[in-house]
Amino acid sequence: MNLFPLWNSLRISFLATCITFFLGIILAYYVIRLPGILKGILDAIFTIPMVLPPTVVGFLLLKTLSPKSVPGILVKEYFHTTITMKWYAAIAAVVVVTFPLMYRTARSSFEAFDQNIIASGKTLCLSNTYIFWRILLPNCKAGIVAGMVLAFARGLGEYGATSMVAGYIADRTATISTTVAYFWQTNQDTEAMGWVLINLIISFVVMLVVNIFDKRVSFGRGG
C-alpha cells in the first residue's frame, strides 16, 4: 500500500492546525472583549464555514487562489508556480474549514475562566500579554488542546474544499479522503475500504483523546 496519502494528510492537517491554533486563540481572546453587537457579527463571520457546504468553501478558495486571482498572479510572477492543484493548497482549505472549531473552543474556554483572576493580575500591574500567555492560556489548556485535536481530526477527514483546490494527483496531492473517493470512483472497493479503516482508527483515537480532555475540563470546573 502506498502510504503517501496518509503522510500528506498528516502534514497538511498538522500545518493547518498550527495556523488555526494561533489564529483561533488570538481572535477568540479579542472577540470576547468586544461589545455585544460587534462580537455577534464577528462570531458569525468566523464560524460561517461550519454551516457552508465544503464545496462552497472550496469554490470561494478556488476563486481566491486561482492563477487569475491577485494572489495567484503574484505567486506566478514572483515564484513561477501556481497555488492551486498543489499539496499546500489543501492547507488553506483545511485552515478555513477547521478554524471555527478552534475559535469556538478557545472562546468558550476563555469565557468560562474566572475573570476575577484576570482583574487581580491587572491590579498587580501585569501586562495583558503576560496575563494571556502565563495565566489565561495555561488555565484553559485542556479545552484548547481538545479544540486542537478536533481541528486536526477534521483536517484529516476534509474532502470537499480540498478536492476543489488541490484535486487528486497520486503521490503529489492525494489525501486519505480524496484517495477513498478515487478508489470508489474507479471501482477499487478493497483499496478504498483499506483507507476507510485507517481513517476510522485515527478518528477513534482522536475522539478518545478529546473525551479525556473533556473529562479534565469538567473535573476542573467541578473541583
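Q: Why is threonine 179 called buried?
A: Threonine 179 counts as buried because its relative accessibility is 1%, and buried means under 20% relative accessible area, with exposed over 50% and partly exposed in between (1.4 Å probe, protein chains only). This is a predicted model, in which local features need pLDDT of at least 70, side-chain atom pairs count only at pLDDT 80 or more, and totals for chains, interfaces and linings use all residues. Residues are numbered from 1 along each chain as its sequence is written, and side-chain values use heavy atoms, with hydrogens and water left out.

Q: Where does threonine 179 lie, and which residues does threonine 179 touch?
A: Threonine 179 belongs to helix α10, residues 176-185, where helices (H or I, at least four residues) are DSSP runs numbered from the N terminus. Residues up to four places away in sequence being set aside, threonine 179 touches Pro5, Tyr168, Ala174 and Trp195, contact meaning heavy atoms within 4.5 Å.

Q: Why does histidine 80 count as exposed, whereas methionine 85 is called partly exposed?
A: Histidine 80 has a relative accessibility of 65% and therefore counts as exposed, while methionine 85, with a relative accessible area of 33%, is partly exposed. Histidine 80 is placed in the loop between α4 (70-79) and α5, and methionine 85 is found in the loop between α4 and α5. Phi is near 55 degrees for histidine 80, a positive value in a residue other than glycine, and near 60 degrees for methionine 85, again a positive value in a residue other than glycine.

Q: What makes the set of 20 residues a nonpolar core?
A: The name applies because a nonpolar core is a set of buried Ala, Val, Leu, Ile, Met, Phe, Trp, Tyr and Cys residues joined through side-chain atoms within 4.5 Å. The largest such core has 20 residues, and those with the most contacts inside it are Ile25, Phe110, Phe132, Leu136 and Ile144. At least two residues of this core come from each of α1 (4-31), α5 (89-112) and α7 (128-139). Apart from it lies another core, of 17 residues, including Ile12, Ala90, Val95 and Ala166.

Q: Which residues is phenylalanine 132 in contact with?
A: Neighbours within four places in sequence left aside, phenylalanine 132 is in contact with Ile25, Tyr29, Phe110, Leu137 and Pro138.
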